[in-house]
Amino acid sequence: MNMVRLDKQNLDNFIRELSAEYSVYAPGNTGGKTEFIPVESGDEIDFSRTVTDMSPKGIFFPPAEVLFEYDKDGVRAAQTSHRPIAVFGMRSCDARSLVMLDRVFGSAIQMPDDEKFQDPYWKEKYDSSLIFGFACNEPLSTCFCNWFSGGPYNRDGMDVSVVDAGDVYLMEPVSDKGIEIISKLSCLTDASEEDKALLEKMASDAESMMTAPLDVEGLGERLTALFDESIWDEISAKCVNCGACTFSCPTCHCFDMQDEGKGEKGKRVRIWDSCMLPIFTMEASGHNPRALSRDRVRQRVMHKYSYYPENYGEILCTGCGRCVMVCPVNLDIREVLKKFIAYNEQGK
Amino acid sequence: MSEWQPRILAILCNWCSYAGADLAGVSRMQYPPNIRVVRVPCSGRVDPLFIMKSLQAGFDGVLVSGCHPGDCHYISGNYVARRKFAVLKPLLEFIGIEPNRVQFSWISAGEGERFATVVTKITEDVRKLGPSTRLVKKL
Amino acid sequence: MKMINPDDLSKAIKELLTEKKIDLFIGWEKGSLPLSATPLFITSEDEAERAVFDITCGNNLSIYFTKDRKQFADKKVGIAVKGCDARSVVLNTLEKQIDRANVVMVGVPCHGVLDKKKVLAKTDGREVLELIDNGDTVTLIGKGYELSIDRSEILSSSCLACIYPDAQECDIFIGDARAEVPNENRLKEIKEFEALSTEERWANTCAEYEKCIRCYACRNVCPSCYCNVCFVDQNDPGWIGNTCEFTDSMIFHVIRNLHVAGRCVECGACERACPMDINLLLLNRKVAMEVKDRFGDIAGLDINGKPAMVDFKEDEKQDFIMG
């Protein structure tokens with residue numbers, strides 16, 4: 001399937017056409033903050049920020065998701081909308097994050113009885129979804145997707161890749177679902193050879209704007225070797241252990257279950273949790289295995305760069321830079337990784 | 001019977017206001033039946049969180065009552081409580097909670113009549129405001 | 001506007017460390033982003049030159065005394081303090097969290113710290129690659145633009161209302177410390193909000209606090225929030241729900257405000273830390289205003305005083321009590 005083009009003037013029609021079949025999400029501005037919001041027209045979209053303040057993970061893994069409700073007549077699964085979701089304008093880092101989350105919620109966890117664990121709430125939304133990725137022509141100084149085999153024009157996790165080329169969006173299907181939708185939509189026209197050449201040039205321009213990647217080969221093993229070193233104290237000294245990094249992260253996916261009940265009815269809700277908070281590991285006895293800030297910072301770093309890669313073969317970080325931007329004490333994960341690598345190379 | 005009736009939580013200190021309520025009762029005084037009483041050892045025991053939780057649970061009004069200043073069974077409990085309430089009340093009004101939803105009073109064990117008056121007043125105040133919605137948690 | 005001379009700061013730190021008056025110094029250093037300085041912990045005099053102080057040094061460093069259950073309890077600690085930070089050290093001393101004898105407070109002349117959201121509003125969301133603090137003006141440089149703006153336009157709301165920019169209690173001051181600085185805008189924002197109707201205020205409150213994602217950044221950067229177990233983390237029984245439901249979040253913020261009533265030094269660290277840009281400080285400042293009006297107390301000014309909410313006078317105004 002070939003590349004197609006969408007006139008920017010036609011964006012509104014495009015979104016409306018897509019809305020006929022899908023619930024469409026796109027970056028929008030909510031009180032000064034950009035996040036993915038449901039849209040029905042092109043005017044509601046805000047592409048002014050390269051990286052949205054909040055990641056799009058909440059579309060598929062909401063901050064608070066009702067799993068079931070109960071009353072004296074019984075238990076009922078939560079009401080879900082069965083309209084499939086389409087996301088327009090998802091940056092390559094965010095599209096990749098969904099692939100990472102899908103390994104956890106969607107398919108890859110091996111259960112003892114030879115079944116693979118599948119989270120129905122995630123699958124219901126993600127499997128039928130359509131991701132229109134959005135290449136970055138102007139990566140930010142906080143972007144480091146190229147450290148982890150990503151890049152401003154990376155297409156992992158996308159169904160259709162979209163590139164902003166001035167007056168037009170150039171689109172190219174990446175998956176079968178992408179081919180299907182492109183052939184169905186009416187406001188698209190075929191792209192020319194010049195368009196293809198332009199896209200290649202833009203891609204290489206964007207790549208060249210990225211800072212030199214850090215060598216993260218074998219990072220996991222290197223971190224594991226440092227598990228008991230005092231460098232963790234140094235690293236975590238300034239961390240205040242709030243959850244800003246984990247909640248803004250597109251790949252952090254730890255959750256907690258809460259029951260909300262009153263009288264004869266109630267509901268069970270799955271909410272985002274954060275390994276940064278002491279209560280995350282608080283045991284019923286009152287003992288907390290990760291009582292100190294150092295233990296919690298280590299957990300977050302190890303989960304992203306050691307445990308997850310050990311299980312799934314890829315680092316659980318897309319280099320979107322949100323944690324770098326929101327951290328109230330500027331504990332920059334890039335600096336942290338550089339420190340570890342330097343520490344490791346010195347042979348301690 | 002379909003007319004809406006306010007539900008008001010009354011948090012009363014054990015030594016004065018609760019006894020005041022008792023006196024109103026044994027003296028057969030009339031006052032609206034809209035309050036539900038919680039007895040606490042002292043108004044100093046009242047954490048502002050109790051008041052917030054009551055509003056969240058759907059009470060239309062909250063009355064907190066303790067001993068008159070100087071009469072506290074624990075010498076100074078109500079003085080400390082007074083500072084808490086002096087800050088809580090303006091803060092609630094500041095965020096946009098109707099001023100009369102949460103009220104405070106001092107009622108001694110001998111003031112059965114005052115108890116009846118206070119309960120009548122808060123009931124009428126809250127009735128005028130209508131059902132509480134602003135901090136009520138909907139399930 | 002008299003800015004700090006960075007050499008004076010590093011010289012003072014060097015001296016303290018060389019003369020073994022302190023084991024550790026907590027200050028700020030240049031951060032990895034142009035809009036944020038980052039906390040600095042140094043133990044050797046060679047590192048003293050890393051310490052800076054400018055418009056990006058928004059963190060209230062006194063939080064580190066109470067982190068991880070008084071981690072520095074057996075150390076002599078030097079700490080760089082703005083006016084508000086100094087009040088936090090005083091307050092935490094009054095509350096027996098800090099042994100004043102073990103702390104050397106180094107005051108720095110503060111002309112306010114920036115609020116990132118205000119900077120981004122000035123640049124229409126474009127990334128800032130370099131910031132130059134010229135004193136009265138600040139230069140912002142990014143891809144394809146250079147802006148020179150008035151300092152006051154990007155200052156944190158706490159700084160715009162500040163009357164104690166410099167430490168009133170400290171051991172060393174870099175430069176000349178100012179006493180109370182009159183500020184006609186001190187209560188402006190609060191009075192404006194109070195002038196709205198109850199309905200308008202409630203609508204505003206809802207719009208702000210609905211944004212809360214319960215990351216607790218506000219609580220964790222607050223020097224007055226140091227409970228070992230916060231009431232929102234108590235789960236046996238649980239006080240309030242954690243499901244980001246609006247009333248739960250609102251109650252969390254109201255109660256947190258009351259917990260820091262008479263203890264909040266209005267440093268604004270909470271508001272600057274909030275990833276959702278909630279105007280958290282408005283409520284704190286309203287409470288501080290009530291505390292000042294009613295009890296005559298300003299948190300963290302008097303090292304021989306008592307925090308307002310554990311104190312009382314018999315004949316206090318009780319206009320809110322039913323007649």
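Predicted model: local features only at pLDDT ≥ 70, side-chain atom pairs only at ≥ 80, totals over all residues.

Trainee: How many residues of chain C are in contact with chain B?

Mentor: 44 residues of chain C touch 41 residues of chain B, contact being heavy atoms within 4.5 Å. The two chains bury about 3900 Å² between them, 70% of it on carbon and sulfur atoms. Buried area here is the accessible area (1.4 Å probe) that two parts lose on being put together, summed over both.

Trainee: Which residues in chain C lose the most area to chain B?

Mentor: C:W202, C:F320 and C:M322, together 21% of what that side buries.

Trainee: How many salt bridges across it?

Mentor: The rule finds 3; a salt bridge needs a side-chain nitrogen of Lys or Arg within 4 Å of a carboxyl oxygen of Asp or Glu. B:R83 and C:E316 form a salt bridge, at 2.5 Å from N to O.

Trainee: Which helices of chain C supply residues to that side?

Mentor: α7 (188-194), α8 (198-209), α10 (246-259) and α12 (281-295) each supply at least two. α10(C) gives the most, 9 residues. Helices are DSSP runs (H or I, at least four residues), numbered from the N terminus.

Trainee: And the residue classes on that side?

Mentor: 24 nonpolar, 7 polar and 13 charged. Ala, Val, Leu, Ile, Met, Phe, Trp, Tyr, Cys and Pro count as nonpolar, Asp, Glu, Lys and Arg as charged, and the others, Gly among them, as polar.

Trainee: At what angle do α8(C) and α10(C) pack?

Mentor: About 100 degrees, with the axes 10 Å apart. Axes are lines fitted to C-alpha atoms, for helices over the stretch in contact, and angles run from 0 to 180 degrees between N-to-C directions. The two helices are therefore roughly perpendicular, the word for 65 to 115 degrees. C:W202, C:T205, C:C206 and C:Y209 of α8(C) meet C:F246, C:S249, C:M250 and C:H253 of α10(C).

Trainee: Switching to chain B, how do α2 and α3 cross?

Mentor: At roughly 35 degrees, with the axes coming within 11 Å. The α2(B) residues are B:P48, B:I51 and B:M52, facing B:K84, B:F85, B:L88 and B:L92 of α3(B).

Trainee: Last topic, backbone. Where is the cis peptide bond?

Mentor: Between C:D236 and C:P237, with omega about 0 degrees. C:P237 is in the loop between α9 (217-220) and α10 of chain C. C:R214, in the loop between α8 and α9, has a positive phi of about 55 degrees although it is not a glycine.

Key. Residues numbered from 1 in each chain as written. Chains lettered and ligands numbered in written order. Heavy atoms only, no water. Parallel < 35°, antiparallel > 145°, perpendicular 65-115°, else oblique.
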